[in-house]
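Me: I would like to learn how to read a few features of a protein model. Could we take them one by one?

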Amino acid sequence: MVTSTADDLERAAEAALRPRRLEEFVGQLVVRDQLSLVLQAALARGATPDHVLLSGPPGLGKTTLAMIIAAELGTSLRVTSGPAIQHAGDLAAVLSSLEEGEVLFIDEIHRLARPAEELLYVAMEDFRVDVVVGKGAGASAIPLSLPPFTVVGATTRAGLLPAPLRDRFGFTGHLDFYSAEELERVIIRSAGLLGVEIKHAAAHEISGRSRGTPRIANRLLRRVRDWAQVRGDGTMDLRAARAALEVYEVDELGLDRLDRAVLGALCTRFGGGPVGLSTLAVTVGEESETVETVAEPFLVREGLIGRTPRGRVATPAAWAHLGLTPPDPLAPRGPGGVVGPRSGSGRSGGTLFDTGA
């Protein structure tokens, strides 16, 4: 419910809520102002703007900004993604079909295959692509000129981008998490587009549980709308918001079932840690990658758990959120540094748990 990723069905639902122009885009004031300057200057010169790189966590509006860039320039948008381009020929086919001034949006650009990356270097800088004809010793490269175009790259992991590719972007914008006030504005705007009325108190309640992410806010808004229509009187008020979010197990901080399971296991089973990721994942019945990529980033950002060389540890805020009392630091500790009386002397089922990170 509170994951920041989206599947194809949800992307279709999001399409109706996306802003079409920069002035409609809520939040990200610095990036929005900088991007507006880049686009207005390019339009005044009658030239294509510099290539744009947008980075930041998922769900903050990178795809929306790419669509807005194309709309502000009055041109069309071609959409592809890094995982979809596994060969240089795939990218060459896309580039050779571009028209002058078009915007090419590459989502998850850090996942481009290396041969495609090298082809993109030349295309972005010289607007040229070399088409290889033939095989082996008889192969030859035919240079193909491309019309000027703009690449908009989006990435959730900017550190994985090779420096030569990153340096070819004339403008780089980093999107930050939204404040509760900004999310309230997003929710009220989305409710209007959905044709439903929402009380200010309900919008405030939803925004506080949305993890600073508009995608999550819009998802929770739709679930509150469902509850109000089916189990309520159709009014999206504070009562409906709290009841709906209780049904979907999203608490006051925006934690869902998995988040609370991780915190509960860390505090009640392992005395607050440290405990290894793999052991923690087995305890909550999830894959290690799921715990690390879905639950852990938000828990760390909110100061509920910490990552140490010996493993994950619960912070005082985690104990307080669960309504538990932290163990006495002077109490006897069992194997692995776990307080014995509160965690079964560091053993679960007679097997010593690991403390590796």
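This is a predicted model: local features need pLDDT of at least 70, side-chain atom pairs count only at pLDDT 80 or more; totals for chains, interfaces and linings use all residues.

Me: How many residues has the largest nonpolar core, and which have the most contacts inside it?

Reply: Look for buried nonpolar residues joined through side-chain atoms. The largest nonpolar core has 44 residues, and those with the most contacts inside it are Leu 35, Leu 65, Ile 69, Val 152, Ile 198 and Ile 206. Helix α9 gives the largest share of this core, 7 residues. A second, separate core has 23 residues, among them Tyr 121, Leu 146, Leu 161 and Phe 169.

Me: Which residues is Leu 35 in contact with, leaving aside neighbours within four places in sequence?

Reply: Leu 35 is in contact with Leu 22, Val 52, Leu 65, Ile 69 and Phe 171.

Me: Is His 110 buried or exposed?

Reply: Compare the relative accessibility with the cut-off: buried means under 20%. His 110 has 11% relative accessibility, so His 110 counts as buried. Its place is the loop between β3 (103–107) and α5 (114–126). The side chain of His 110 makes a polar contact of 2.7 Å with the side chain of Thr 155. Not counting residues up to four places away in sequence, His 110 touches Thr 155, Thr 156, Arg 157, Leu 160 and Leu 161.

Me: Why does Asp 237 count as partly exposed?

Reply: The class in question lies between 20% and 50%. Asp 237 counts as partly exposed because its relative accessibility is 23%. Asp 237 sits in the loop between α9 (214–230) and α10 (238–247). Lys 199 and Ala 202 are touched by Asp 237, not counting residues up to four places away in sequence. The C-alpha atoms of Asp 237 and Ala 201 are separated by 6.7 Å, though the two are 36 residues apart along the chain.

Me: How many bridges join strand β8 to strand β9?

Reply: In a regular strand, side chains alternate between the two faces of the sheet. Here 4 bridges join β8 (residues 305–308) to β9 (residues 311–314), and the two strands run antiparallel. Ile 305 stands opposite Ala 314 in β9. A hairpin joins β8 to β9 through 2 residues.

Key
Residues are numbered from 1 along each chain as its sequence is written. Side-chain values use heavy atoms; hydrogens and water are left out. Buried means under 20% relative accessible area, exposed over 50%, partly exposed in between (1.4 Å probe, protein chains only). Contact means heavy atoms within 4.5 Å. Two strands pair if DSSP finds at least two bridges between them. A polar contact is a pair of N or O atoms within 3.5 Å; within protein, one must be able to donate a hydrogen and the other to accept it, and residues adjacent in sequence count only if both atoms are side-chain atoms. A nonpolar core is a set of buried Ala, Val, Leu, Ile, Met, Phe, Trp, Tyr and Cys residues joined through side-chain atoms within 4.5 Å.
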